[in-house]
Amino acid sequence: MKRILFIVSVFAAAAAISADPLPDQPRLEPNKLFKCTEQDGVITVANSAPSRFCTAFFKVDLAWQPDLALRFEYRSSAVDGGALPDLVAVNFFLPDQRTAYSGMKAGAEWKEAVIPFSSLKLTKGNQPLNTENRFVRITIYSRFADSRAPGMTTLELRNVRIDRYAAPAVPREKLPATLGPDRLQKVKGMTCNVLPEGIIEVSGDQPSRFCTASLKLDNLIHRPDLVLSLEYRNPPQDCRGSNLNSVTFLDEAGRSTGASFPASSEWQQATISFASLKPPGPFLAVNLSYRIVDDEAPTKMKFEFRNCRIEVDPNYNPLINARISYSALPLFDWRKEAGATAYRLEYGADPDFSGDKTSTVEVRWNFHSPSAALAPGTVYYRVTALPSGKEVVRDKLVIPERCHSWTLPLYDFARIAATPRPRLLPLALSDHQGDPQALTPQAETLLSFQLPPNPEPYREGADPEIRTWIEWYDKIAFGVVALAGL
């Protein structure tokens, strides 16, 4: 069974990642509501009467792919001294509905727009797309806000094309980072006041069991050597029962991880080690909350915090909780990332993944094992999902001095794959130098093997027939298993 699983995994890992050719490019369609002209590669669209919209229509016939993007340059101009529109937006149309996409700010100067297909979602239900979805039309338009009067305007476009897209690497936030008032984000029903000595007071506008402040993080990658520290205190009248304060980190998918601390009317120091957190990341925000967990009536909650920082832990030991691999050919594996068509794995002795100490490989599946033995020591690795460029994991493992580099024997998998099914017969024959007769004695022995009768179930108060059970299991465990070679 192990050999079968190994064969399957090798075939899967060796499968080539096919790159489909680029689809046909968008074709401009005439529309009776707007005047469209094209000269020297610039498409000019003008509305024939005052309107909130000025739209260019493009006909397409292409399937959604996560590694594609629509690219174009645009600018707007007013007519007869009118005002510029507020935004430029794009709609992708399926045969029966359209997708949702947020617009970009309009302007009189040329600007470039890039709309990754991976960012598109269906308008109805806000659901992501898949390769079965097929676009039939794309519209690019400028628009006046609903609060403004319609106007006459012109929209110019150039270099409208469908192209391959690879997201830029997620930047890592500079450290140390002080999470002060400039990081505060609006939370519905909450008010934050900045007091003397850097104290931030958080209060609820209405009776509730929660009181929350949200602090913005700039794509902070999970690193086990980081800590978040802060000081906090709560109103004396609320410091009872099991009321508690919590710190919660949020990523772009809304997943969270964090820790909690008991309420206190005196200033308390709280420290959260990132090594203790489950690393979804990158983190977009951290929420500081105070909660009444007892079965009490809601009230207007309030708490204070100060000196909130994220910094490198000087006492961090990189070998604590590190994975140990006694094989010099370790298996790197990680969670699957939605929309990923491949992964880029980087591993080596350099924690910054630079220079010739780092090996890089692109794989289709969420696992990989090196073909050559690695040197004993700490191996740092990180995985990036493609084509999004999102970092999936950054971790390390330790290979001790006393390790092995055992490998399974190599077979001619191309020859086996080319043979008719079942494909295991050539593999079995390869163990016996292609001689089918070598398998006959083993098969005859298995066929002639007789199992002892199954003992009766044990009954309370009856003779458990210990000897019968021992004989039966001995026959099974050391008979059939040994003969089958498992």
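This is a short walk through one predicted protein model, from its overall make-up down to a few single residues.

Okay, ground rules before we start. Residues are numbered from 1 along each chain as its sequence is written, and side-chain values use heavy atoms, with hydrogens and water left out. Since the model is predicted, local features need pLDDT of at least 70, side-chain atom pairs count only at pLDDT 80 or more, and totals for chains, interfaces and linings use all residues.

So, the big picture. The protein chain has 5 helices and 30 strands; helices here are DSSP runs of H or I with at least four residues, strands are runs of E with at least two, and both are numbered from the N terminus. Of its 486 residues, 36% count as buried. By buried I mean under 20% relative accessible area, with exposed being over 50% and partly exposed in between, using a 1.4 Å probe on protein chains only. If you take the contacts with a separation of 6 or more, 73% of them link residues 24 or more positions apart. A contact means heavy atoms within 4.5 Å.

How far can we trust it? The chain averages a pLDDT of 78, and 74% of the residues score at least 70. That score is the predictor's confidence in each residue, from 0 to 100. Confidence is lowest in helix α1, residues 2-14, at a mean of 40, and highest in strand β26, residues 342-348, at 93. Two stretches stay under 50: residues 1-20, with 25 contacts beyond four places in sequence, and residues 480-486, with 12 such contacts. Where pLDDT is low, the predicted coordinates should not be read in detail.

Now the sheets. Strands of a sheet pair through backbone hydrogen bonds, either parallel or antiparallel, and I call two strands paired if DSSP finds at least two bridges between them. Strand β6, residues 87-93, is joined to β8 by 2 bridges, and V88 sits opposite M104 in β8.

Another open sheet, also of 5 strands and antiparallel, goes β2-β3-β12-β5-β9. Its edge strands, β2 (34-39) and β9 (111-116), pair on one side only. From one strand to the next, the twist averages 25 degrees; those angles are taken between N-to-C directions, from 0 to 180 degrees, with axes as lines fitted to C-alpha atoms. Strand β5, residues 68-78, runs antiparallel to β9 with 6 bridges between them, and L70 has I115 in β9 as its bridge partner.

Let's zoom in on T154, in strand β12, residues 153-164. Is T154 buried or exposed? T154 counts as buried because its relative accessibility is 13%.

Compare E109, which lies in the loop between β8 and β9. At 60% relative accessibility, E109 counts as exposed. Beyond four places in sequence, E109 contacts Y74 and R75. E109 and S77 are 32 residues apart in sequence, but 9.0 Å apart in space, C-alpha to C-alpha.

Strand β29, residues 377-386, pairs with β30 in the antiparallel sense over 8 bridges, and V383 stands opposite V393. Their hairpin has 4 residues between the strands, where G389 takes a positive phi near 80 degrees. Strand β24, residues 323-324, runs parallel to β30, joined by 2 bridges, and I324 is partnered with V398.

Last stop, T358 in strand β27, residues 358-363. T358 is buried, with a relative accessible area of 14%. Leaving aside neighbours within four places in sequence, T358 touches E346, Y347, G348, D350 and F353.

That's the tour, thanks!
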